[in-house]
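Me: I would like to learn how to read a sheet, a helix and a ligand shell from a model. Could we take them in turn?

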Amino acid sequence: MRPIRSYVLRQGRMTRAQQHALDTLWRRYGVGFQDAPFDFDALFGRRAPRVLEIGFGAGDALLAEAGAHPENDYLGVEVHRPGVGNLLRRLDAQGLVNVRVICRDAVEVLQRSIPDASLSAVYVFFPDPWPKRRHHKRRLVQPSFADLVARKLTPGGRLHLATDDEDYARQGMHVLTRCSKLKNIHGPGVFGGALLRAPSRFEQRALREERPVWDMVFEG
Ligand SMILES: C[S@@+](CC[C@H](N)C(=O)[O-])C[C@H]1O[C@@H](n2cnc3c(N)ncnc32)[C@H](O)[C@@H]1O
């Protein structure tokens, strides 16, 4: 049976710069999918706290975070190839060495390639909202996703979810609150945490359009 995906692959137009970045920089930053847990120490060439960002889009938050925290390693997962090309180009321009990129469904990556208890944080910033009720099952944040992420977090590791969709915020809070292995750092049912993260492209759009943003941070 085909799994339900949280995205629709619209590859869109790849700019020449994005394609060039994929051709020349994938070798440096790209990680092929593997059906076995990664050896993170080998992948990054050191031992450090590891952060996973799911659906980094244009990569604004990832670039800002990785630049501000050279002491951490960052793994970005995104299915949209032009976005991946864009991030590679910007990683190279900023000379960042603590980021690796996977172009694959993050659920599969979590299930198959991420070792248990290996991530100090998982970021999900502005996941595709799937606003129609009949599409809610396509939302990334589901009970099985919460359990999976909880299993991958180190003790005290954090899951940070941000969205500008009020219904998704409510659903996210409900699902994460019900996960017995996660605890809201702000207290039961309380939103917060925007200051704990860098701004993302979708957030900038929400703010320009004067739409509110909801953040929630849960600890494993
Ligand atoms: C609404 S965009 C937000 C992008 C970025 N986080 C931001 O805030 O600007 C959601 C992104 O998540 C990606 N995405 C959705 N489901 C995914 C999955 N299962 N694995 C990897 N990427 C996914 C989409 O391709 C898209 O780029």
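Reply: Begin with pairing: two strands pair if DSSP finds at least two bridges between them. Strands of a sheet pair through backbone hydrogen bonds, either parallel or antiparallel. This is a predicted model, and its open sheet of seven strands has the order β3-β2-β1-β4-β5-β7-β6, with mixed pairing.

Me: Which strands stand at the edges?

Reply: They are β3 (99-102) and β6 (183-184). Each has a single partner strand, so one side of each is left without a neighbour in the sheet.

Me: How many bridges join β5 to β7?

Reply: Six bridges join β5 (residues 153-163) to β7 (residues 214-219), and the two strands run antiparallel. Within that pair, threonine 163 has tryptophan 214 of β7 as its bridge partner. Helix α6 (residues 143-152) packs on the sheet, where it touches β4 (119-125) and β5. The direction of α6 makes about 140° with that of β5.

Me: Which residues are closest to the ligand?

Reply: Gly55, Gly57, Ala106, Phe126 and Ser200 are the closest of the 24 residues that surround the ligand. Two or more shell residues come from each of α5 (106-112) and α8 (201-208), and α8 gives the largest share, three residues. By class, the shell has 13 nonpolar, six polar and five charged residues.

Notes. Residues numbered from 1 in each chain as written. Predicted model: local features only at pLDDT ≥ 70, side-chain atom pairs only at ≥ 80, totals over all residues. Helix = DSSP H or I, 4+ residues; strand = E, 2+ residues; numbered from the N terminus. Contact = placed C-beta atoms within 7 Å. Axes fitted to C-alpha atoms, helices over the stretch in contact; angles between N-to-C directions. Near = placed C-beta within 6 Å. Nonpolar A, V, L, I, M, F, W, Y, C, P; charged D, E, K, R; others polar.
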